[in-house]
Amino acid sequence: MASFWSLLTLYAGLVFLQLAQAQATCNLSPRIAEQLRSLLSPRSEVVLTSNASFATDFVQRFSVNRAPSFVVAVKPASAADVGRVVRYASQNNVPFLATGGGHGYTWSLSRLQCGIDLDLSSFDSIAIDNAANTMTIGGSALSDNVTRALYAAGKELPVGMCTCVGFTGFTLGGGIGPYSGLYGAASDSLISAELVTGTGQLLTVSKTQHPDLFWGLKGAGFNYGVATALTFRVYPATNGGQAVVTNMIFPGALNGTVWQVLSAFFGNQPKELGLALSVGYQEQRGGMVIIVGFVYAGPEAESTALLKPFLDLNPLNLQILNTPWEDVPEVIVYGATRAGCQKGAQFVPYSVNLYKVDVPNLINVVGYMQTTLAANATLRSAIVTWAQYAPYGFQRYADDSSAFPYRAATAFVQINAFSPSAEQVPALDGFARELRDRFQRGSGSRSLETYVHFGHGDETPAAWYSARKLPRLQELKRVYDPKSLFSWYNAVPVRRDYW
Ligand SMILES: Cc1cc2nc3c(=O)[nH]c(=O)nc-3n(C[C@H](O)[C@H](O)[C@H](O)COP(=O)(O)OP(=O)(O)OC[C@H]3O[C@@H](n4cnc5c(N)ncnc54)[C@H](O)[C@@H]3O)c2cc1C
């Protein structure tokens, strides 16, 4: 293990290098734009981000809090153009970031300043082969468009709770959602990818072509290159594509009983049942409430029978909707996830994986939230969400089948706040971090573990990728991204000392 001082020196050196690099890029941006224009095919676009067309023609970020900053934006027209941008950036030491849906929000992104925005908007195609049960998408196709295309074709795949995320970005970190109970992470259904690596090569990556890299793409993919296309295995829609969404609201005072009922589901949860829960403060109800949204890929009668233990608790509100599965993200938890599609948010994210339902600890956390939020109205945008899927889908694949490390998680907990202004971010940040620490104490894991896409950015690489997978991921980094061009998003460090 390297000494503290050598690590500190190394870190300071890196920060200095990045700052110097950023300054150089800021100063040279007109020249960089000009050089890129001369390199790329005519249908590609290159603009300075100071140009008004950047805001209208390029993907904007969901969260502007601790966001990366760009001075030049490029929209490559082809995979060959993507390769040209990557090689140019590498040779000229200019930092860049691929943008799919722009929904990545980890604060680690703020380390990228004065970079090139490699906007993948031109890669938005979606093609489904009905007979072969496969789907090929471009690297920026949005989750909503993918979901609707799958539904129309009578197919399905796990999609997330927010319709506007990029489906490739989502998949490269694993990709989890209500149908993960059936199929695991979205990355478990990946068949192949077209990837421009950090060495500038355009590779087809699959179980038989660069299998080591294929393993790494499924859970840590944004560390190794730019995916211009992904091909998935897809599945005939369960229950003819119809799902039942049941939303319920419980008073916070009942939280102990809700956790108790919930804990009985874990391990026994049918694979067709997904669950999203949120805990927050509602002024109109005078305190904490728990909102639970269930998705059942089956008939309503079966859903109602399964949910009887919750229904018996007499929720304050009950909503039962028979809905095409494509609309689930729109209606689950009363449509609350739609807020995640507003661009320009001041988002404060924290997260922790749970491996057990520790009822006394959860009661303590809700009690702490009640006391704090009753006393401080400015913190009330902080909400805890809890996603719980049947283990069946994750367990269909062996742990070493991919880089995705969290098949055994009981629940993926997020503590998120939408700050009304940049000034209120520090207070919300302190509160949300405290909540994460309190959840962690009852998580069933000695150290913090976090689903990489939900991370804040202050966790260790071992928390995102697990200590058992990191050495293999680092080896891949040395081969496919030796200059660490892809190092802004909860990155796999090249050096072992970092974790
Ligand atoms: C409101 C909200 C709800 C969410 N719900 C869920 C959920 O239910 N389940 C879940 O699993 N996740 C969820 N996420 C997380 C989401 O999957 C990630 O933020 C994901 O990174 C978004 O991808 P993007 O392309 O939109 O983001 P971007 O910010 O464009 O990209 C994020 C990272 O991925 C890289 N990337 C994107 N596209 C490519 C590509 N084609 N090739 C290489 N790298 C690429 C980027 O360079 C960046 O490092 C949610 C996020 C939000 C904001």
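The buried residues of α4 pack against β5 (126–129), β6 (134–138), β7 (155–156) and α5. Helices (H or I, at least four residues) and strands (E, at least two) are DSSP runs, numbered from the N terminus; buried means under 20% relative accessible area, exposed over 50%, and partly exposed in between (1.4 Å probe, protein chains only). This is a predicted model, in which local features need pLDDT of at least 70, side-chain atom pairs count only at pLDDT 80 or more, and totals for chains, interfaces and linings use all residues. Residues are numbered from 1 along each chain as its sequence is written, and side-chain values use heavy atoms, with hydrogens and water left out.

**Stop 1: helix α4**

Select residues 143–152, which form α4. Ser143, Val146, Thr147 and Leu150 are the ones to colour as buried. They lie on the same side of α4, because they cover an arc of only 100° around the axis; the arc is that of the directions from the helix axis to the C-beta atoms. An α-helix has 3.6 residues a turn, so residues three or four places apart point the same way. Just after α4, select glycine 154, where phi is positive at about 75°.

**Stop 2: glutamate 326**

Glutamate 326 is buried, at 15% relative accessible area. Contact means heavy atoms within 4.5 Å. With residues up to four places away in sequence set aside, glutamate 326 touches Thr147, Arg148 and Tyr151. Show the side chains of glutamate 326 and arginine 148: a polar contact of 3.1 Å joins them. A polar contact is a pair of N or O atoms within 3.5 Å; within protein, one must be able to donate a hydrogen and the other to accept it, and residues adjacent in sequence count only if both atoms are side-chain atoms.

**Stop 3: cysteine 164**

Move to the loop between β7 and α5 and select cysteine 164. Its relative accessible area is 14%, so cysteine 164 is buried. Which residues is cysteine 164 in contact with, leaving aside its neighbours within four places in sequence? They are Gly101, His103, Leu142, Gly340 and Cys341. A C-alpha to C-alpha distance drawn from cysteine 164 to leucine 142 reads 5.8 Å, across 22 residues of sequence.

**Stop 4: the ligand**

The shell holds 33 residues, and the closest are Arg61, Ala98, Gly100, Ile176 and Tyr451. An oxygen atom of the ligand is 2.6 Å from a backbone N or O atom of alanine 98. For glycine 104, a backbone N or O atom is 2.8 Å from an oxygen atom of the ligand. At glycine 139, a polar backbone atom lies 3.0 Å from a nitrogen atom of the ligand. The ligand on its own has 940 Å² of accessible area, and the protein covers 95% of that; accessible areas come from the Shrake-Rupley method with a 1.4 Å probe, and for residues only the protein chains shown count as cover.

Colour the shell by element. β3 (96–99), α5 (167–172) and β10 (225–233) each give two or more residues to the shell. The largest share, four residues, comes from α5. Colouring by class instead gives 17 nonpolar, 15 polar and one charged residues. Here Ala, Val, Leu, Ile, Met, Phe, Trp, Tyr, Cys and Pro count as nonpolar, Asp, Glu, Lys and Arg as charged, and the others, Gly among them, as polar.

**Stop 5: glutamine 440**

In helix α14 (residues 425–441), select glutamine 440. Glutamine 440 is buried, with 14% relative accessible area. A polar atom of its side chain lies 3.0 Å from the backbone oxygen of serine 445. The backbone oxygen of arginine 446 is 3.3 Å from a polar atom of the glutamine 440 side chain.

**Stop 6**

Most residues other than glycine have a negative phi. Serine 484, in the segment after α16 (470–480), has a positive phi of about 50° although it is not a glycine. Asparagine 490 is also in the segment after α16, and its phi is positive at about 35°. Is each of these buried or partly exposed? Serine 484 is partly exposed, at 24% relative accessible area, whereas asparagine 490 is buried, at 0%.

Note on methods. A residue is near a molecule or strand if one of its heavy atoms lies within 4 Å of it.
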